[in-house]
Amino acid sequence: MTTLRQYLDSTACEEPLRDLIELIAYQAIPIREAFIENQSYAGTENVYGEEQAAMDTWADQHLIGVLGESGMVKAIASEEQEDIVLFPDAMGDYSVVMDPLDGSSLIQVNLAVGTIIGIYPGGNALKKGEELTAALYMLYGPLTVLTLTVGEGVCTFALNKEGIYVLMEKDIRMPEGKLYGTGGLKNEWPQEHMDFISLCEQLGGKIRYSGSFVADFHQILKYGGIYCYPALNGKPTGKLRLVYEANPIGFIAAQAGGAITDGRRNLLEVQPEKPDHRTPIYVGSRRMIDLVQSCMKSL
Ligand code: AHG
Ligand code: MN
Ligand code: MN
């Protein structure tokens, strides 16, 4: 049995980063405990005009509170906050980007949701995805599973009944599978996305889409294929967010041999213009990403 701490101690991560990753990963325990009392909607909207589930605000406040008190981070960019939260007096020299609760529309139907985190060195949270030093997500399914990369491949850990993360799988490689899932209303898809989805169907692809990016991506990581949230007619930047969703998940995908694109360029190379920068997202197995890029280039 290898615990999360033992794994981190076997990597080249510096000590403060190991401590920060552990601190964040174990917040899965209080976050899971809070689900029971935060099933409803909070009656508030976030910066995107989306109705906030009570858990969105709970997880956001909880993580900001814990990270702020820890003194380990200089900045937190959260999907639920309009502005980057700064801690200029922090001793630690990291910044965190986060989607505190991803897939929140699924809370009331008890499907899997998660928390997405990216960690950058230094106090600037608005950096390219390729500059991440670590990325992780906690998936709250039947098991609580942590998927982590510190730039040395991808590992998964499960919380055991003593509340300790135990290594499940090391050096995960994303296979060349044929699962595909796509967000957005079909009548709002641009023609190029419509064509790509037809191609997935012709290739014998199998549909998988729950409405939780973390859960849908986790399936792609294990079985291979592609997750899509396209540009939409009248909404060319789509729905998902570069800083909080695309970059941490894309960094994990790349570490597992997959890739992330907006259809034309590697999203990990895109400089975020602002915290709430949105982008179309295609993430998954290498060949599927090549395919989507060639479909979109040929137009
Ligand atoms: P969040 O709950 O953080 O706002 O993210 C929701 C995202 C993502 O998890 C999911 O893939 C997508 O929005 C679902 O959107 P649709 O309901 O439009 O499919
Ligand atoms: Mn999300
Ligand atoms: Mn969210």
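A polar contact is a pair of N or O atoms within 3.5 Å; within protein, one must be able to donate a hydrogen and the other to accept it, and residues adjacent in sequence count only if both atoms are side-chain atoms. With that in hand, welcome to the close-ups. This is a predicted model, in which local features need pLDDT of at least 70, side-chain atom pairs count only at pLDDT 80 or more, and totals for chains, interfaces and linings use all residues. Residues are numbered from 1 along each chain as its sequence is written, chains are lettered from A and ligands numbered from 1 in the order in which they are written, and side-chain values use heavy atoms, with hydrogens and water left out.

**View 1. Ligand 1 and its polar contacts.**
Start with Lys239: an N or O atom in its side chain is 2.9 Å from an oxygen atom of ligand 1. Phe213 takes part through its backbone, where a polar atom lies 2.9 Å from a ligand 1 oxygen. Taken on its own, ligand 1 has 470 Å² of accessible area, and the protein covers 82% of it (areas come from the Shrake-Rupley method with a 1.4 Å probe; for residues, only the protein chains shown count as cover).

Ligand 1 sits in the largest pocket. On a 1 Å grid over the protein atoms alone, a pocket is an open set of points with protein on both sides within 12 Å along at least five of seven lines, and a molecule sits in it if more than half of its atoms lie within 2 Å of its grid points. The elements that give two or more residues to the shell around ligand 1 are β5 and β13 (225-229). Strand β5 gives the largest share, three residues. (Helices, H or I with at least four residues, and strands, E with at least two, are DSSP runs numbered from the N terminus.) There are 17 residues around ligand 1, and Asp102, Gly103, Tyr209, Tyr227 and Tyr229 come nearest; a residue is near if one of its heavy atoms lies within 4 Å.

**View 2. The manganese ion (ligand 2).**
Look for Asp99 (OD), Asp102 (OD) and Glu245 (OE), which coordinate the manganese ion (ligand 2) at 1.9 to 2.1 Å. Asp102 belongs to strand β5 (residues 94-102) and Glu245 to helix α7 (residues 242-255), so this pair, 143 residues apart, links distant parts of the chain. Along the chain, the donors of ligand 2 follow the spacing D-x2-D-x142-E. Donors are N, O and S atoms within 2.8 Å of the metal (3.2 Å for Na, K and Ca); water is not among the atoms, so sites may look incomplete. Both Asp102 and Glu245 are buried (buried means under 20% relative accessible area, exposed over 50%, partly exposed in between, with a 1.4 Å probe and protein chains only).

Glu79 (OE), Asp99 (OD) and Leu101 (O) coordinate the manganese ion (ligand 3) at 2.2 Å. Glu79 lies in the loop between β3 (73-78) and β4 (85-86) while Asp99 is in strand β5, so the pair ties together parts 20 residues apart in sequence. Glu79 and Asp99 are both buried. In sequence, the donor residues of ligand 3 are spaced E-x19-D-x1-L. The two manganese ions, ligand 3 and ligand 2, are 3.8 Å apart, and Asp99 coordinates both.

Ser285 lies in the loop between β15 (281-284) and α8 (286-297) and counts as buried because its relative accessibility is 0%. A polar atom of the Ser285 side chain lies 2.6 Å from the backbone oxygen of Pro175 and one lies 2.8 Å from the backbone nitrogen of Gly225. Thr149 is in strand β8 (residues 144-149), and its side chain reaches the backbone oxygen of Gly153 at 2.9 Å. Thr149 has 0% relative accessibility, so it counts as buried.

**View 3. Positive phi angles in two loops.**
Asn110 is not a glycine, yet its phi is positive, near 60°. Asn110 is in the loop between β5 and β6 (113-121) and counts as exposed, at 69% relative accessibility. Asp171, also not a glycine, has a positive phi of about 50°. Asp171 is in the loop between β10 (165-169) and β11 (179-182) and, at 49% relative accessibility, counts as partly exposed.

Definitions and conventions. On a 1 Å grid over the protein atoms alone, a cavity is a set of points where a 1.4 Å probe fits but cannot get out, and a pocket is an open set with protein on both sides within 12 Å along at least five of seven lines; lining residues have an atom within 4 Å of a point.
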